[in-house]
Amino acid sequence: MILRLTILWIWKLIDPLFYLCSRLHYINDDPNNQSVFRVRITKYKGGNFTLADGTKINRNDCLLKIHLHNIRLLHEFKKIKNDLMRARLMYKLVLSSMPLLASYLKDHPEESNIKGIIGITTINKGIRSLGFECYPPSNRWYKYFKKLGQLPISLISSSSIKNFHTNSLNYLFLSKEKLYHLYGQNPSSK
């Protein structure tokens, strides 16, 4: 427990530097209603996918990449021992951040060029009910290195390493239109 708290403290000190180097942006500046997402515009480099609503995601398409604000989530979870309670809290925090994400994208200067949202995660439960579609990356080396990169977060946050091994790595996609439809942003009102 003390080791986890020490790592969390060190991570909290390093996080602002990571934020600057990663070109991430907060989607809401209001400290009372902070989103769990940090985002950046990216050119997609994976295989082609067609989403359920017909949106085609192709190589070099412009997407808004979401990153969970892990240090914030870990602080929220540090007193919660039960994995189910952690999962419920995470779902609630992500769900409450989705309208902020839609608003951020709608007001973004590149909005017309952005096809949708992309993320990559080993968290696979509850994702579809938020509107995301999951697809595994096709490159096994990419999967290996991405999953390896998520190991420290899993070690700090999980009560068991077993969860890390059982969850597979997936791309999360959500088209811009579906994001607006589900979370209240009407694209024609721009």
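Modeller: The largest nonpolar core has 30 residues, and those with the most contacts inside it are Met98, Leu101, Ile117, Phe132 and Leu179. A nonpolar core here is a set of buried Ala, Val, Leu, Ile, Met, Phe, Trp, Tyr and Cys residues joined through side-chain atoms within 4.5 Å; buried means under 20% relative accessible area, with a 1.4 Å probe and protein chains only. The model is predicted: local features need pLDDT of at least 70, side-chain atom pairs count only at pLDDT 80 or more, and totals for chains, interfaces and linings use all residues. Residues are numbered from 1 along each chain as its sequence is written, and side-chain values use heavy atoms, without hydrogens and water.

Among the elements that give two or more residues to this core are strand 2 (37-43), helix 3 (83-107) and helix 6 (176-183). Helices (H or I, at least four residues) and strands (E, at least two) are DSSP runs, numbered from the N terminus. Helix 3 gives the most, with 10 residues. Apart from neighbours within four places in sequence, leucine 101 is in contact (heavy atoms within 4.5 Å) with Ile27, Phe37, Val39, Leu64, Ile66, Ile117 and Leu179.

In helix 6, the buried residues are Lys176, Leu179, Tyr180 and Tyr183. Seen down the helix axis, they fall within an arc of 95°, so they line one face of helix 6; the arc is that of the directions from the axis to the C-beta atoms. Their cover includes helix 3, strand 6 and strand 8. Glycine 184, with a positive phi near 85°, follows helix 6.

Methods:
Buried < 20%, exposed > 50% of the residue type's maximum accessible area, 1.4 Å probe, protein only.
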